[in-house]
Each structure stands twice: as structure tokens, then as C-alpha cells.
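Here is a friendly tour to follow with the sequence and the 3D view side by side.

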Amino acid sequence: MPVITRVNYGQSASISGLAGAVSLAGSGRGVWAIEGGNWQMAAGLINRSDAAVHLHEEIDSVSYLGEYYELNSTKGNSYKCEVAVVATPLDELNIQFTPPISIPKRKLQHTHATFVRGLLNPGYFGLDAVSEIPKLVATLEDPDLPFTSISVLKKHDEKDFTYKIFSREPMADILLDSFFSVRQETIRIDWGAYPHYNAPEEFAPFILDDRNLYYVNAFENAASTVETSAITAENIARLILSRFFSQLLLISSNLGSNSDGEILHVDL
Ligand SMILES: Cc1cc2nc3c(=O)[nH]c(=O)nc-3n(C[C@H](O)[C@H](O)[C@H](O)COP(=O)(O)OP(=O)(O)OC[C@H]3O[C@@H](n4cnc5c(N)ncnc54)[C@H](O)[C@@H]3O)c2cc1C
């Protein structure tokens with residue numbers, strides 16, 4: 001189990017039962033990937049919707065101005081909307097919210113992904129030949145072990161592979177050279193990957209301001225996966241339809257509230 005939580009969440013097994021179970025599910029069979037890259041799923045969804053997508057542009061402030069939100073971007077653009085959804089972890093971002101929002105402090109677990117094209121050195125693993133090195137080498141919690149896992153992404157030929165290394169710290173060249181006999185190309189990515197789990201988890205609200213500002217990534221305190229994020233996003237879309245249209249219904253017909261004046265939401 002500690003090996004699995006290290007590979008999937010970059011942390012020890014001291015996490016909630018649910019996050020641990022999700023981690024376990026991700027280690028078995030029945031895990032899917034799209035041939036050619038999972039990015040095609042996001043691209044396909046965008047192409048099928050009529051959404052206006054603004055790439056390479058960050059929102060740096062969100063202000064509630066009475067009947068709408070104003071979103072300002074680092075490119076100096078300004079967007080107005082009646083409903084705003086935050087769909088990225090807020091923990092390491094500096095988006096200014098007016099009025100301010102309050103969410104519990106959450107630390108992200110950083111996973112350093114290092115991609116190396118080359119050849120592992122079997123001697124480092126106490127082996128005689130590269131062919132004896134398993135396709136996935138995963139490690140236990142031990143401060144002396146410099147990586148969490150090494151896996152083969154692609155075999156080009158007997159002496160030319162692409163490997164993916166996960167580690168908690170950046171992989172220095174000198175360290176890589178201790179377990180690679182050949183290293184042609186190295187790419188490093190530092191991901192603020194998932195919450196650093198700390199059970200019992202304290203969740204941020206899904207509705208950040210009691211109005212129409214939503215937060216998908218609040219769910220990640222339970223588990224962080226593509227599937228759970230997709231389900232959360234669907235539930236938030238349903239919540240928006242329910243809350244937003246019941247508000248419109250209320251305005252247009254003066255109906256939709258119970259005897260206590262509480263708004264009744266359309267159930268979707
Ligand atoms: C190394 C690694 C391995 C993983 N392996 C798996 C796996 O095998 N299976 C699995 O299910 N999950 C895996 N995950 C988790 C999975 O990637 C996440 O759960 C999923 O991507 C969350 O989706 P999201 O849309 O909430 O966030 P993201 O995919 O992070 O998307 C957020 C988007 O918001 C954008 N953004 C950020 N700030 C701003 C801003 N200010 N303005 C506008 N846009 C902004 C970002 O550029 C990004 O495009 C892995 C994660 C990592 C890092």
C-alpha cells in the first residue's frame with residue numbers, strides 16, 4: 001500500500017481511507033488511457049461545445065459587482081459573467097477576490113516528473129543486464145531513496161528507452177547520472193500535483209460566496225483523479241442550473257419559495 005500511495009499521490013499511506021482506496025483503484029487493471037494522449041479528451045470536449053476558450057491567459061482577479069462578476073486577466077482583458085466557476089486549485093495561486101473569499105489552508109504535494117531518453121544502469125539496481133530491470137521500479141518510504149518510481153514509457157530499441165521518473169525533489173544531473181549509463185535528453189516538470197492529504201480533511205465550500213461563484217477543486221480533499229474531477233464538474237453544472245434557474249423562475253413568477261421564504265431549487 002505505501003508503494004501505491006507513493007506512486008499515485010507522491011505521499012505515504014497516512015491519508016484518508018477514501019484517498020487510499022482511490023489510489024489502490026488506480027494501481028490495478030481497468031485503468032484507461034487514450035491512445036495518442038489523454039489531452040485529446042479535453043480537446044474533444046472543447047470542440048463539441050460552443051465555448052469560447054482563451055488560452056495562455058490567466059485570470060488574476062474576480063470581483064462581484066452587484067449583478068455580475070468581472071474577471072480580469074493578466075493580458076488586460078476583462079470578462080463579465082453571471083456565474084463564475086473556479087476549476088483549478090487555488091492553493092498556490094494569487095487570484096484577488098472581491099469581496100474576499102475564505103477557504104481552509106491546503107498544502108499541495110509537489111511531484112517532480114523527469115522524462116529521460118537513454119538507458120538505465122543495471123549496476124545501480126544490483127543487476128547484470130538492462131533486460132532484468134522491471135518496467136516499473138517503485139520504492140518504499142526511505143529518506144535515502146532519491147525517487148518514488150521509474151517506469152518505461154517507450155522502448156525505442158534494446159538500448160534506447162524513454163523513462164518517466166517521479167520524485168519529491170528535483171532530480172539533479174549528477175543524481176541522474178548515477179543510475180543512467182546513457183542520457184540523451186531530459187525534461188523536468190514540477191507539478192503542484194494533488195493535495196498533501198491530512199485526514200480528517202477540511203473541505204473548502206463548493207459555493208465560495210453564497211451567490212454564483214463555484215469551486216470544483218474543493219472535492220480534491222477527498223481524492224484527486226480525472227474521473228472524480230469530471231463528476232464534480234458535472235455536479236457543479238447541475239447545481240448551477242438548479243440554483244441559477246430557480247432564481248430566474250423566482251424573479252419572473254414570484255414562485256419558488258416555501259412558506260419560510262427559502263428558495264426552492266429545481267431538482268435536476
Ligand atoms: C504527475 C501527475 C500524475 C497524475 N496521474 C493521474 C492518473 O494517472 N490518473 C488520474 O485520474 N489523475 C491523475 N492525476 C491527477 C489529475 O491530473 C487531476 O486530478 C486533474 O488534472 C484535475 O483536473 P482539473 O481540471 O481540476 O485541473 P487541471 O487539469 O490542473 O486544470 C486546471 C487548468 O486551469 C488553468 N489555470 C490555472 N490558473 C489559472 C488562472 N489563474 N486563470 C486561468 N486558468 C488557470 C491551468 O493552466 C490548467 O489548464 C495526476 C496528476 C499529476 C500532476
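Predicted model: local features only at pLDDT ≥ 70, side-chain atom pairs only at ≥ 80, totals over all residues.

P99 sits in the loop between β5 (96-98) and β6. The points below are grouped by topic.

- P200 belongs to the loop between β10 and β11 (213-215).
- That loop between β10 and β11 is also where you will find D210.
- D210 is not a glycine, yet its phi is positive, at about 65°.
- D210 counts as exposed because it has 7 C-beta neighbours inside 10 Å, and the cut-off for exposed is 12 or fewer.
- H56, in the loop between α3 (39-48) and β1 (59-64), likewise has a positive phi, about 55°, without being a glycine.
- H56 has 6 C-beta neighbours inside 10 Å, so this residue counts as exposed too.
- For context, most peptide bonds are trans, and most residues other than glycine have a negative phi.

**Domains and annotation**

- The domain assignment divides the chain into domain 1 (1-51), domain 2 (54-106 + 198-253) and domain 3 (109-194).
- In the UniProt record, an unreviewed entry, residues 3-248 carry the feature "domain: Prenylcysteine lyase".
- Over residues 3-248 the chain is 23% helix and 30% strand, with the end C-alpha atoms 51 Å apart.

**The largest nonpolar core**

- Eleven residues form the largest nonpolar core: V116, L120, I133, F147, I150, F161, Y163, I165, F166, F179 and F180.
- Strands β6 (108-120) and β9 (160-167) each supply at least two residues of this core.
- Which strand gives the most to the core? That is β9, with four residues.
- I165, one of the core residues, touches T114, V116, F147, I150 and M171, leaving aside residues up to four places away in sequence.

**Around the ligand**

- The ligand is surrounded by 18 residues, and the closest are T88, W191, A193, T225 and V226.
- The elements that each give two or more residues to this shell are β6, β10 and α5 (226-253).
- Helix α5 provides the largest share of the shell, three residues.
- By type, the shell around the ligand holds nine nonpolar, seven polar and two charged residues.
- Domain 2 and domain 3 each contribute at least three residues to the shell.

**A closer look at I187**

- I187 lies in strand β10, which covers residues 180-195.
- Is I187 buried or exposed? I187 counts as exposed, because 11 C-beta neighbours lie inside 10 Å.
- I187 and R117 are 70 residues apart along the chain, while their C-alpha atoms are separated by 9.0 Å.

Key: Residues numbered from 1 in each chain as written. UniProt positions renumbered as here; feature names shortened; annotations may be inferred. Buried ≥ 20, exposed ≤ 12 C-beta atoms within 10 Å, placed from the backbone. Core = buried A, V, L, I, M, F, W, Y, C linked by C-beta atoms within 7 Å. Contact = placed C-beta atoms within 7 Å. Domains from an automatic or database assignment. Near = placed C-beta within 6 Å. Nonpolar A, V, L, I, M, F, W, Y, C, P; charged D, E, K, R; others polar.
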